Amino acid sequence: MSNPVFIEAMRKSLELAAKASQQGDIPVGAVVLNPAGEIVGRGHNTREVDNDPMNHAEIVAMREAANANSSWRLDDHTLVVTLEPCTMCAGAA
C-alpha cells in the first residue's frame, strides 16, 4: 500500500510544477519532507522568472528546507520531485 504522506507530497509537487509552467518554465516541482513527514521546503523551476540557471525546483526546495532546518544538512529528510533530478540536482541532494 502507498504511503499517504508521499502521495500528498507528490500532489503538492505536481501543483508546484503547474505553477512553473504558468510562469513559462519547464514544469518541475519539488518538496522536502522532514523526518516527521512535514513539508519544510517547496520549490518549482524559477529559472526564467529569476534569470537564474541554478533555480531548479529541487534546489529551491532544498534551500527553503535548509533555512527551515537552520542547517544545510538535511539528514533524514526526503526530496519528492516530479521528474528525475538532473546531474546538478542529484549531486546537491
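Predicted model: local features only at pLDDT ≥ 70, side-chain atom pairs only at ≥ 80, totals over all residues.
Next I looked up the pairing partners of β1. With strand β2, residues 39-44, β1 pairs in the antiparallel sense over five bridges, and I found Gly41 of β2 as the bridge partner of Val32. Five residues lie between the strands in this hairpin, and among them I picked out Gly37, which takes a positive phi near 90 degrees. With strand β3, residues 78-81, β1 also runs antiparallel, here joined by four bridges, and Ala30 stands opposite Val81 of β3.

I then asked myself which residues make up the largest nonpolar core. There are twelve in all, namely Val28, Ala30, Val32, Val40, Ala57, Ile59, Ala61, Met62, Ala65, Leu74, Val81 and Cys89. The elements that give two or more residues to this core are β1 and α3, the latter spanning 57-69, and α3 gives the most, with five residues. Apart from this core I located another, of five residues, which includes Leu16, Val31, Leu33 and Val80. As background I wrote down that nonpolar side chains tend to be buried together in soluble globular proteins.

Leaving aside residues up to four places away in sequence, I listed its contacts as Leu16, Ala17, Ala20, Gly43, His44, Asn45, Ala57, Glu58, Val81, Thr82 and Leu83.

Finally I turned to helix α3, which has 13 residues and reaches 18 Å from its first C-alpha to its last, close to the 18 Å expected at 1.5 Å a residue. Which residues of α3 are buried? I found Ala57, Glu58, Ile59, Ala61, Met62, Ala65 and Ala66. I kept in mind that an α-helix has 3.6 residues a turn, so residues three or four places apart point the same way. My last entry concerns Ser70, which follows α3 and has a positive phi, near 55 degrees.

How values were computed: Residues numbered from 1 in each chain as written. Heavy atoms only, no water. Pairing = 2+ DSSP bridges. Core = buried A, V, L, I, M, F, W, Y, C linked by side-chain atoms within 4.5 Å. Buried < 20%, exposed > 50% of the residue type's maximum accessible area, 1.4 Å probe, protein only. Contact = heavy atoms within 4.5 Å. Expected span 1.5 Å × (residues − 1).
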